[in-house]
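Here is a short briefing to read alongside your model.

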Amino acid sequence: RLLKKKNSRRCGFDQTCQLEASTKGEDGNFYCNEHSRKRKHQDQRNRCAKHDKKVPTFCNRCNIPVCSECIDQDHVDHEFSSLIATFQAKKSKYNATPVKLALRIQQVSEAMDQLASTKVQFDENQSAADN
C-alpha cells in the first residue's frame, strides 16, 4: 500500500507514488520508476512481435492478437474482434471457472454420499436376505 507523502502525486497507474525520479509517458502522464518499468513491459506485450506495431485486434480464427499488417498479410478473410473486448470476455470466463468447479465438486460429493448410503442399504438388505 502506498502512502501519500509530501513529495508525492498521482502516478499514471492511478496510485500515489513518489515521483521524484519519474518518467513522462507517451500518454502525457508521469510514472514513478517502478511503474515506468511495468508500463514498458505492458507496452511490449501489446505490440506485434513480427511488425512492432500495436495489436488492437484479435483474430478469432487463430486465437491471437494481430496488428494491421498481420491482418492484411496472414489473416485475410478471418473474423476479428477488439482485443479489449476479447480480453474481458476471456477474463470473465476464467473467473467463473473456479465457481463452476466448486459447484461440480459439491455435486459429485453429494452423489458419492448418496451412493455410499445406497451401498449400506444394499449390504443390510443382502445380510437380511442371507439370514
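Helices (H or I, at least four residues) and strands (E, at least two) are DSSP runs, numbered from the N terminus. Counted this way, the protein has 3 helices and 7 strands. The model is predicted, so local features need pLDDT of at least 70 and side-chain atom pairs count only at pLDDT 80 or more, while totals for chains, interfaces and linings use all residues. Residues are numbered from 1 along each chain as its sequence is written, and side-chain values use heavy atoms, with hydrogens and water left out.

**Overall layout**

- Starting at the N terminus, the order of elements is β-β-β-β-α-β-β-α-β-α.
- The protein has 131 residues, and 18% of them count as buried; buried means under 20% relative accessible area, exposed over 50%, and partly exposed in between (1.4 Å probe, protein chains only).
- Among contacts (heavy atoms within 4.5 Å) in the protein with a separation of 6 or more, 14% are between residues 24 or more positions apart.

**The open sheet**

- An open sheet is formed by 3 strands in the order β6-β5-β7, with antiparallel pairing; two strands pair if DSSP finds at least two bridges between them.
- The edge positions belong to β6 (64-66) and β7 (80-82), and each has a single partner strand, so one side of each is left without a neighbour in the sheet.
- From one strand to the next, the twist averages 40°; axes are lines fitted to C-alpha atoms, for helices over the stretch in contact, and angles run from 0 to 180 degrees between N-to-C directions.
- As background, strands of a sheet pair through backbone hydrogen bonds, either parallel or antiparallel.
- The antiparallel strands β5 and β6 are joined by 3 bridges.
- Opposite phenylalanine 58 you will find proline 65 in β6.
- Helix α3 lies across β5, β6 and β7, and runs at about 80° to β7.

- How many disulfides does the structure hold? The count is 0, where a disulfide is a pair of cysteine sulfur atoms within 2.5 Å.
- For cysteine 59, the closest cysteine sulfur is in cysteine 62 at 3.8 Å, which is too far for a bond.
- Cysteine 59 is buried, at 0% relative accessibility.
- For cysteine 67, the closest cysteine sulfur belongs to cysteine 70 and is 3.7 Å away, again too far for a bond.
- Cysteine 67 is also buried, because its relative accessible area is 1%.

**The nonpolar core and its contacts**

- The largest nonpolar core has 7 residues: Cys48, Val55, Cys59, Val66, Cys67, Cys70 and Ile71. Such a core is a set of buried Ala, Val, Leu, Ile, Met, Phe, Trp, Tyr and Cys residues joined through side-chain atoms within 4.5 Å.
- Leaving aside residues up to four places away in sequence, valine 66 touches Val55, Pro56, Thr57, Cys59, Ile71, His75 and Phe80.
- Cysteine 70 sits in helix α2 and is buried, with a relative accessible area of 8%.
- With residues up to four places away in sequence again set aside, cysteine 70 touches Cys48, His51 and His75.
- From C-alpha to C-alpha, cysteine 70 and valine 55 are 9.4 Å apart in space, and they are 15 residues apart in sequence.

**Salt bridges**

- Side chains of opposite charge can pair when their charged atoms come close.
- There are 3 salt bridges, each defined as a side-chain nitrogen of Lys or Arg within 4 Å of a carboxyl oxygen of Asp or Glu.
- Lysine 50 pairs with aspartate 74, with 2.8 Å between the closest N and O atoms. This pair links distant parts of the chain, 24 residues apart: lysine 50 is in the loop between α1 (33-45) and β5 (57-59), and aspartate 74 is in helix α2 (residues 68-74).
- Lysine 50 is exposed at 54% relative accessible area, whereas aspartate 74 is partly exposed at 40%.
- Glutamate 69 and lysine 53 form a salt bridge with an N to O distance of 2.8 Å. Glutamate 69 is in helix α2 and lysine 53 in the loop between α1 and β5, so this pair ties together parts 16 residues apart in sequence.
- Both partners are partly exposed, glutamate 69 at 26% relative accessible area and lysine 53 at 31%.
- Lysine 119 and aspartate 123 form a salt bridge at 2.9 Å, N to O. They are separated by about one helical turn, because they are 4 residues apart in helix α3 (residues 83-130).
- Aspartate 123 is partly exposed, with 37% relative accessible area.
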